[in-house]
Amino acid sequence: MTEDPQVREIKRRAFWRRNGGRFLGFGLVIALGVTGAVLYRTGLLNGLAPDGIGGANPASSTPKVNLTTPFLGTEAGPWADGAAGITLPETGKLGKYSAEQVRAFAEQVRKVLITARLDRRVIVEGKTEHVFALMAPEAREQYDEHREKEKLPVDGGSFLYTRIAPGYPLLEVEPKVKGELKVFLDAKGKLTATTNYVMAYAFKPDQPEKITDPHELIAIQRREAEWFLEDNKQIRKSQHGLWWGEKFNGYDYLMSCSASEKELLAPTFRENQQRRTTGPEPTAKHDRKHYFDPNSPVGDEDGCKK
């Protein structure tokens with residue numbers, strides 16, 4: 001059997017493609033990253049922190065944020081917890097696919113997202129085999145070839161999964177999730193899904209008493225992605241199953257720039273402490289609500305550049 005040209009193309013190219021020059025290249029996953037310190041100093045946090053946050057003696061040993069409810073006072077506070085935020089769309093028969101097949105496909109995409117973005121075996125321990133086990137048998141091999149060609153770090157993050165920076169433990173709470181999963185047939189009749197989610201991760205600070213705003217505890221990832229079911233009988237059986245498509249896009253926000261350079265995710269609290277005595281700092285093009293909104297446009301802003 002021959003190899004499907006679409007699968008071969010996926011094997012050979014980067015997946016964060018440009019759209020009219022506005023989307024970032026794959027290597028710049030840090031797009032739109034803006035530190036909490038920037039927002040704090042510019043006054044954008046005013047009125048958003050819960051009572052009692054800010055203005056206290058920084059030398060106090062009493063934390064100014066609640067580590068059991070770290071999202072309180074942030075835009076992600078009302079969002080669903082973890083997997084509950086990734087819901088299945090209403091589905092029915094699509095083309096040659098029965099309603100049951102469409103739903104099974106949507107459930108598979110949902111499971112990949114939960115594993116790749118929320119499962120601590122993957123995002124903390126780096127056991128990415130749990131992600132590829134849910135995809136076509138050849139997916140791991142073809143992704144590894146892509147990674148080697150693009151010179152991506154083996155222990156770094158990816159367009160397929162999140163990696164938390166070592167030395168930045170997550171708090172014992174589920175990430176907050178907001179977004180949407182859609183299923184449809186593409187122009188070639190392939191069963192296809194798009195996912196567009198913002199996920200907020202809460203981290204354990206080194207010195208809780210020095211945290212003055214809850215936004216310093218969290219880091220945000222926005223990811224838009226495309227997925228499709230490969231079931232062409234003319235190609236190898238090992239290529240059958242779930243694949244990523246070409247359309248991947250997104251940004252990180254409220255994150256550590258030094259971690260993002262390594263394709264890893266971390267919060268801003270350590271860099272914020274340093275920036276209070278150094279400057280200038282990066283600036284944001286939009287207000288904070290823009291970056292928490294999965295429906296906002298994705299631009300080419302790099303908030304880690306001064």
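By the ring-pair rule, the count comes to 13 aromatic pairs. The rule takes rings of Phe, Tyr and Trp (its six-membered ring) with centres within 6.5 Å; planes under 30 degrees apart are stacked, over 60 edge-to-face, the rest tilted. This is a predicted model: local features need pLDDT of at least 70, side-chain atom pairs count only at pLDDT 80 or more, and totals for chains, interfaces and linings use all residues. Residues are numbered from 1 along each chain as its sequence is written, and side-chain values use heavy atoms, with hydrogens and water left out.

**Stop: Trp79 and Phe292.** Select both rings. Their centres are 5.9 Å apart and their planes stand at 65 degrees, so the pair is edge-to-face. Trp79 lies in the loop between helix H2 (36-41) and strand E1 (80-81), and Phe292 in helix H9 (residues 288-292), so the pair ties together parts 213 residues apart in sequence. Helices (H or I, at least four residues) and strands (E, at least two) are DSSP runs, numbered from the N terminus. Trp79 is buried, at 10% relative accessible area. Phe292 is buried too, at 3%. Buried means under 20% relative accessible area (1.4 Å probe, protein chains only).

**Next: Phe159 and Trp244.** This aromatic pair is edge-to-face, with 6.1 Å between centres and 75 degrees between planes. Phe159 sits in the loop between helix H6 (139-150) and strand E2 (176-185), Trp244 in strand E5 (residues 241-244), so the pair links parts 85 residues apart in sequence. Both Phe159 and Trp244 are buried.

The charged end of Arg270 sits over the Tyr168 ring, 3.9 Å from its centre. The criterion is NZ of Lys or CZ of Arg within 6 Å of the ring centre and within 35 degrees of the ring normal.

Key:
Buried < 20%, exposed > 50% of the residue type's maximum accessible area, 1.4 Å probe, protein only.
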